[in-house]
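Hi,

Here is the structure I promised to pass on.

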Amino acid sequence: MNDIIFKESFANKHNRKALEVLLEMFLGLDKGSLSGKLKVQYESYFEKSHIYEKSSRGDIVIECEDMTINLEVYTRFDDSSLNKSMYYVMKIYVGFLQVGESYKDIGKVIQINFVDKATMELGEEAITNFYITSEKDGSVKLIPDKFCIKIVQIDKIRELGYNENDLIKWLRFIAAKNYEERKIIAEGDELLMEFNEWINKYVNDEETKELLAKWSDYIAENKGYEEGIEEGRIEGRAEGIKEGKIEIVKSMLEENIPIEAIAKFTKLSIEEIEKLREEI
């Protein structure tokens with residue numbers, strides 16, 4: 001399942017049950033606990049007129065009570081992808097706070113990145129949780145109940161047996177490359193089998209095939225344009241990331257987190273953080 005099909009499939013209202021079940025398993029929640037509670041925001045690629053016509057919120061943004069989940073998919077994960085991912089999660093995190101509210105009222109943000117062909121070291125585990133931690137003691141985690149980035153390495157998922165547990169079965173289903181492979185993995189799971197048939201029907205629909213072809217052609221035609229403006233995009237993302245860092249720092253200072261720990265996480269200097277503390 002490529003990145004566009006993943007997004008178009010899981011964000012579709014028809015497949016809301018599949019999204020609920022996936023998130024319940026991934027987050028260790030009780031079965032049925034998310035039923036009918038998800039508010040999904042998604043911008044379809046097929047409704048865009050330009051390859052970069054996208055808001056700065058993320059791929060699939062899901063709100064549920066005091067929790068926001070951002071699903072991101074990368075067919076290649078590199079430093080640029082990481083910057084993009086951090087920018088989105090920071091924007092979502094600081095976006096919780098309304099004027100006059102306490103920083104303690106900020107809800108929980110969970111970012112789930114499905115990545116393939118990672119060019120950076122992400123560890124040997126197929127699924128890894130990343131927190132704000134101490135450099136010397138990784139067991140010390142800051143605001144773990146508020147902030148977590150989960151990374152699923154698709155290439156490592158493909159190496160696992162899909163019968164290990166239900167979550168791995170679903171992830172192997174997502175990592176599968178075609179209908180027949182998904183069909184074998186889905187066998188015995190009524191929801192997965194139904195989901196696979198929906199995906200097969202969807203991708204073979206003439207309108208969908210035409211849209212996929214047009215989008216692929218558009219990406220190919222704009223490759224030169226993309227490379228030409230990359231420097232500007234990086235600069236813009238850097239500004240966005242810095243803005244997000246400032247709000248995160250202020251929030252961490254409100255929580256009385258040591259300045260040294262904040263500096264290690266944000267890469268800002270002690271002097272910059274001290275200055276921000278004066279603005280609170």
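First, the ground rules. This is a predicted model, so local features are reported only at pLDDT of at least 70 and side-chain atom pairs only at pLDDT 80 or more, while totals for chains, interfaces and linings use all residues. Residues are numbered from 1 along each chain as its sequence is written, and side-chain values use heavy atoms, with hydrogens and water left out.

**The chain as a whole**

There are 11 helices and eight strands in the chain. (Helices, H or I with at least four residues, and strands, E with at least two, are DSSP runs numbered from the N terminus.) Of its 280 residues, 45% count as buried. Here buried means under 20% relative accessible area, exposed means over 50%, and partly exposed is in between, with a 1.4 Å probe and protein chains only. If you take the contacts with a separation of 6 or more, 60% of them are between residues 24 or more positions apart; a contact is heavy atoms within 4.5 Å. The structure has zero disulfides, a disulfide being a pair of cysteine sulfur atoms within 2.5 Å.

Six strands form an open sheet with mixed pairing, in the order E1-E2-E3-E4-E8-E5. Two strands pair if DSSP finds at least two bridges between them. At the edges stand E1 (39-42) and E5 (127-130); each has a single partner strand, so one side of each is left without a neighbour in the sheet. On average, neighbouring strands here are turned by 15° against each other, direction ignored. (Axes are lines fitted to C-alpha atoms, for helices over the stretch in contact, and angles run from 0 to 180 degrees between N-to-C directions.)

E4 (residues 108-115) and E8 (residues 147-153) run parallel and are joined by seven bridges. Within that pairing, Ile110 has Cys148 as its bridge partner, and Asn113 has Ile151. E5 pairs with E8 too, in the antiparallel sense over four bridges, and Thr128 stands opposite Ile151 there. Seven of the seven residues of E8 are buried, so this strand is largely enclosed by the rest of the structure. Phe147, Ile149, Ile151 and Gln153 point one way from E8, and Cys148, Lys150 and Val152 point the other way.

**Helices against the sheet**

H2 (residues 16-27) lies across E1, E2 (60-64), E3 (67-74), E4, E5 and E8, and runs at about 100° to E3. H5 also packs on the sheet, where it touches E4, E5 and E8, and its direction makes about 100° with that of E5.

How many of the 10 residues of H5 are buried? Nine are, so H5 is largely enclosed by the rest of the structure. At the start of H5, a side-chain oxygen of Asn165 comes to within 3.1 Å of the backbone nitrogen of Leu167.

**Helix H6**

H6 (residues 179-186) has Tyr179, Arg182, Ile185 and Ala186 as its buried residues. Seen down the axis of H6, they fall within an arc of 125°, so they line one face of the helix; the arc is that of the directions from the helix axis to the C-beta atoms. Their cover includes H5 (166-175) and H7 (190-203). At the start of H6, a side-chain oxygen of Asn178 reaches to within 3.2 Å of the backbone nitrogen of Glu180. Gly188 follows H6 and has a positive phi, near 95°.

**Two loop residues**

Glu65 is not a glycine, yet has a positive phi of about 55°. Glu65 sits in the loop between E2 and E3 and, at 69% relative accessibility, counts as exposed. Lys117, not a glycine either, also has a positive phi of about 55°. Lys117 belongs to the loop between E4 and E5 and counts as exposed at 55% relative accessibility.

Happy browsing!

Terms used: Polar contact = N/O pair within 3.5 Å; in protein donor to acceptor, adjacent residues only side chain to side chain.
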